[in-house]
Amino acid sequence: QGSYALVDRRRMAALLAGTSFGALAALGAGGARAANECGTGAVVTCTSAGNPYSNGISYSNFGAPETVNLQSGVAVTPNSGVTGVSLSGILTGAQTVNSDAGVTIEATGDNAGGIRASSTSDAISVTSASVITNGNSTLLHGAQAIDASTSGSGTAGNITIDASKGVGLLETFGTTSQAVQAQSSGGAID
């Protein structure tokens, strides 16, 4: 069992390294690139003016923290197969998603997650209200209501998830879909 875990960790490290280098090449020297649905900067706030966010809310950054705040009244209902809120950090920088009470996220289609946050080396924090996914998971990061993963270690690898904001709930409908999936290479998951 122990050697099997070691092999899995090595494979995961190789996969993450390959993914990181590919993402770095895609980003180039320009720094953060995002779809900017809610503006630009290290802290952005999404309002109901952007409803229904049919392409989802997506931010990807290089070497910087990012916080995406969703104000009450935001309704993210992306096109089929599109993740509702996606936040991806490469190298340093904590990644944070904050949903106020009264926010709803409903993703449909196979592998479309509700909230997906990832970092190659730092902490993740997700606070959410109502998240619903309706689709099958056929990939590692599939139709989870909340999916958080980091390669960080120690406190830089911590993942904090609070899904009790307001009266919302996490619901998933589909084969092998999950309410919450969290994976850290060396930090605590709370």
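This section describes the fold, core and selected local features of a predicted single-chain model.

Residues are numbered from 1 along each chain as its sequence is written, and side-chain values use heavy atoms, with hydrogens and water left out. As the model is predicted, local features need pLDDT of at least 70 and side-chain atom pairs count only at pLDDT 80 or more, whereas totals for chains, interfaces and linings use all residues.

The confidence of the predictor in each residue is expressed as pLDDT, on a scale from 0 to 100. The mean pLDDT of the chain is 80, and 79% of the residues reach 70 or more. Helices (H or I, at least four residues) and strands (E, at least two) are taken as DSSP runs and numbered from the N terminus. Confidence is lowest in helix H1 (residues 2–27), with a mean of 34, and highest in E2, at 97. Over residues 1–34 pLDDT stays under 50, and the model has 19 contacts beyond four places in sequence for this stretch (contact: heavy atoms within 4.5 Å). Where pLDDT is low, the predicted coordinates should not be read in detail.

Of the 190 residues in the chain, 37% are buried; the term denotes under 20% relative accessible area, with exposed over 50% and partly exposed in between (1.4 Å probe, protein chains only). The accessible surface of the chain is about 8,800 Å², and carbon and sulfur atoms contribute 55% of that area; the areas come from the Shrake-Rupley method with a 1.4 Å probe, and for residues only the protein chains shown count as cover. Among contacts with a separation of 6 or more, 75% are made by residues 24 or more positions apart.

A nonpolar core is defined as a set of buried Ala, Val, Leu, Ile, Met, Phe, Trp, Tyr and Cys residues joined through side-chain atoms within 4.5 Å. The largest such core has 25 residues, and those with the most contacts inside it are Cys 46, Ile 57, Val 68, Leu 70, Ile 105 and Ile 115. Elements that give two or more residues to this core include strands E2 (43–46), E3 (57–62), E4 (66–70), E9 (115–119) and E12 (146–153). Beyond its neighbours within four places in sequence, Ile 115 is in contact with residues including Val 85, Val 97, Ile 105, Val 126, Val 131 and Ile 146.

Strand pairing requires that DSSP finds at least two bridges between two strands. Four strands form an open sheet in the order E5-E8-E11-E14, with parallel pairing. Strands E5 (75–76) and E14 (170–173) are the edge strands, each pairing on one side only. Strand E11 (residues 130–134) runs parallel to E14 and is joined to it by four bridges; within this pair, Ile 132 stands opposite Glu 171 in E14. Parallel pairing over four bridges also links E10 and E13, where Ser 125 stands opposite Thr 160 in E13. In a regular strand the side chains alternate between the two faces of the sheet.

Side chains of opposite charge can pair when their charged atoms come close. With a salt bridge defined as a side-chain nitrogen of Lys or Arg within 4 Å of a carboxyl oxygen of Asp or Glu, the count comes to one. This salt bridge is formed by the side chains of Arg 116 and Asp 147, at 3.6 Å from N to O. Arg 116 lies in strand E9 and Asp 147 in strand E12, so the pair ties together parts that are 31 residues apart in sequence. Both partners are buried, Arg 116 at 18% relative accessibility and Asp 147 at 1%.

Most residues other than glycine have a negative phi, and most peptide bonds are trans. The peptide bond from Asn 51 to Pro 52, however, is cis, with omega near 10°, and Pro 52 is found in the loop between E2 and E3. Leu 91, in the loop between E6 and strand E7 (95–99), has a positive phi near 70° and is partly exposed, with a relative accessible area of 40%. A positive phi, near 55°, also occurs at Thr 176, in the loop between E14 and strand E15 (180–186). Thr 176 is among the residues in contact with Ser 137, which lies in the loop between E11 and E12 and counts as buried at 12% relative accessibility. Ser 137 and Gly 174 are 37 residues apart in sequence and 7.2 Å apart in space, C-alpha to C-alpha.
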